[in-house]
Amino acid sequence: MTFEYAPAPESRSIVSINPKNKLFIGGEFIDAKSGEYFQTTNPATEEVLAEISLASAKDVDAAVVAARKAFKSWSKLSGSQRAKYIYRIARIIQERSRELAVLETLDNGKPIRESRDVDVPLVAAHFFHYAGWADKLEYAGVGPNPRPLGVVGQVIPWNFPLLMLAWKIAPALAAGNTVVLKPAETTSLSALLFAEICQQAQLPAGVVNIVTGAGETGKALVNHPDINKVAFTGSTEVGRQIAKAVAGTNKKLTLELGGKAANIVFEDAPLDQTVEGIVDGIFFNQGHVCCAGSRLLVQESIHDDLMSLLYPRLELLRVGDPMDKNTDVGAINSAEQLKKIHELANSGDEQGAVRWTSSCPLPGTGFWFAPTVFTNVSQSHRIATEEIFGPVLSVLTFRTPDEAIDKANNTPYGLSAGIWSDKGSRILEVAAKLRAGVIWANTFNKFDPTSPFGGYKESGYGREGGRQGLEAYLEAGVAHE
Amino acid sequence: MNDSLDVKRTAKLYINGAFPRSESGRTFVVNDQNNKFLANVSKASRKDARDAVVAARSAFNKWSDASAYNRGQVIYRIAEILQGRSPQFIAELESAGVKKAAPHVLEAIDKIVWYAGFSDKISMVVGSANPVAGKFFNFSIPEPTGVVAVCVSNEPSLVNLVSQISAAIVSGNTVVVVVPENSSLIAVSLAEVLATSDVPAGVVNILTGDSAELAPWLASHLDVNAMDLSGISDKNLKTELEASAATNLKRILRTFPDGLSAIKTYVEIKTVWHPQGF
């Protein structure tokens, strides 16, 4: 017998969206000098949600000037006072958490269950964690009398709009920097609501500035001569361009880029738990996760058993209205991203992999991609080497632990990896040999503000989270230790 | 009187624990302060640079897998051997125009000892056990980045040379060092120190030659993970090298921050999660 689900939509009445949005510069919402706007849409319905200001180079300059002005007093404010501002922000985020979750789901397409239970609670937790660092910077690890870097330019992606904002802004502010942040083109709304929260927290004008726009706005920010650091999360391709752009300057740089994580299942793995971990690994947030477990490496002896458990589990995933509290997999963030996923999935067919697709019904409007698994994947296939950034899993097999490690490391990326096994010594040895910044053993896609996150190799450099994440926004105050 | 003729040393490259001449057959002349001939030093080529990267990559697994205690002792032994050879280094530094060469050599020895002692402390100082909100054991540890290309300055300095090398190898990285003309003879002598201490073949590789010729090949090399550009004085070249190094997102040092910050440049923080429960 099958259970029917009644619709359980979250109410959107808690949010009021401005039809026309301004930039947040110097503590005020102001019109863009460019006078230009672009639209942001709900990817689940293709409904236009609002118009967003397109910040030009002149607008970016105004934001950097505001941040530079604010830096003088913000960096001199005692750590304990800075801490209290950041604690205020954390509290207001908790108070307005439902509003933030609904807005995030409307603009991004991710299920309300995720924005409500994962994204927004982690956002508040990040501000809480870093608030407490603001008056303890001498313990950050850069030596005595640590100093903030100055004005930080931050560019974030659309997959976790508010969470990536928190990862960037919370440590920067705690360390005494001021920021100019550019949200992703398709997901500006939660950043603008965050700007309102900064006003409610009475954060001094100019400490946080939000400039909305697309690639050109980001370029203007990265290339602005008066910023001291660039922090970027996004694709490896854009990360490379930014690293080239800051060459020859004194700007510091941290990059959190793409990934093609191996999720390795050994024959002694607890299979039921593993299946849940595989699902979390690749279908969480529609697979729009840089650390997604997109390459499943299964020990050959259990391949068939595992797959026979996995497929029926995937059939149970509910794909559809992100505002429905029962939805597991939401909408693909944009038409452009959906096209990319189709293109790569098609390459899987062409190169000889075998496609399995969930039989779940998909809504008629909006951008959707049903949970998909490719088996018979070989290492040279594009779906085994390129980041798909969608709900598509590529399954490969191995016989020995050494082969698993070689295959897992056979990628220019190195962001994350998973290990499933009952044997402690094997987990520790494999964890040590994987060239990736985050290793989940018998779990996957867990995040915490105290836990450093970031990549090896072409997945970028620098860490976000924990003490190590704070260091990225400080420099030694005296000659070397 | 002693009428026995000096047996001069042939100044060669140091790759994979051996002392090859440049495959290009090229050399450059190094004279002393009075313009008196000292040596024909091997002038490394692109091919030599690539060989050096292969050697460094091959040595990486074993060196990074060695215990921190072992690495510390190996690096400490470099200081032991250098101490015994200090008269030679003092003479060479003096002939290269370095004032106060004797205290300079002692400082270089102290630097090596300082870095050696950090090998088994990096994890403690840089790593952490993280109190995540949930039933997980979560820890972060530093691991070496991989192969590091080090550009040393044309101002001869044994202190900088050993510090730049030690900061990279102490955590388990392997290095390819590019040494321009004026610094070349002390680097050749250091290679001989390394070869007679317990540093495994390939962990340190030394290329004497023209930085402007060699560094671009290393900056664009996809099997090099990090680069110390502090020794490059030409600003345009330095910018070009940094831009080229972005191709595979190499970790970059623009200036050399002697000490823990330098060590940190060449480590990656790895965070491991595991659930807790019965």
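Reply: In soluble globular proteins, nonpolar side chains tend to be buried together. In this predicted model, the largest nonpolar core has 113 residues, and those with the most contacts inside it are A:Ile93, A:Phe127, A:Leu165, A:Phe194 and A:Val208. A nonpolar core here is a set of buried Ala, Val, Leu, Ile, Met, Phe, Trp, Tyr and Cys residues joined through side-chain atoms within 4.5 Å, where buried means under 20% relative accessible area, with a 1.4 Å probe and protein chains only.

Me: Which helix gives the most to this core?

Reply: That is helix H5 (residues 161-174) of chain A, with 11 residues; helices are DSSP runs of H or I with at least four residues, and strands are E runs of at least two, numbered from the N terminus.

Me: What is A:Val208 in contact with, leaving aside its neighbours within four places in sequence?

Reply: Contact means heavy atoms within 4.5 Å, and the partners of A:Val208 include A:Phe24, A:Ile169, A:Phe194 and A:Leu203. A second, separate core of 55 residues includes B:Ala101 and B:Leu161.

Me: In what order do the three strands of the open sheet in chain A lie?

Reply: Strands pair if DSSP finds at least two bridges between them; the order is E1-E5-E4, with mixed pairing. The edge strands of chain A, E1 (20-21) and E4 (37-42), each pair on one side only.

Reply: Residues are numbered from 1 along each chain as its sequence is written. Side-chain values use heavy atoms, with hydrogens and water left out.

Technical notes:
Chains lettered and ligands numbered in written order. Predicted model: local features only at pLDDT ≥ 70, side-chain atom pairs only at ≥ 80, totals over all residues. Buried < 20%, exposed > 50% of the residue type's maximum accessible area, 1.4 Å probe, protein only.
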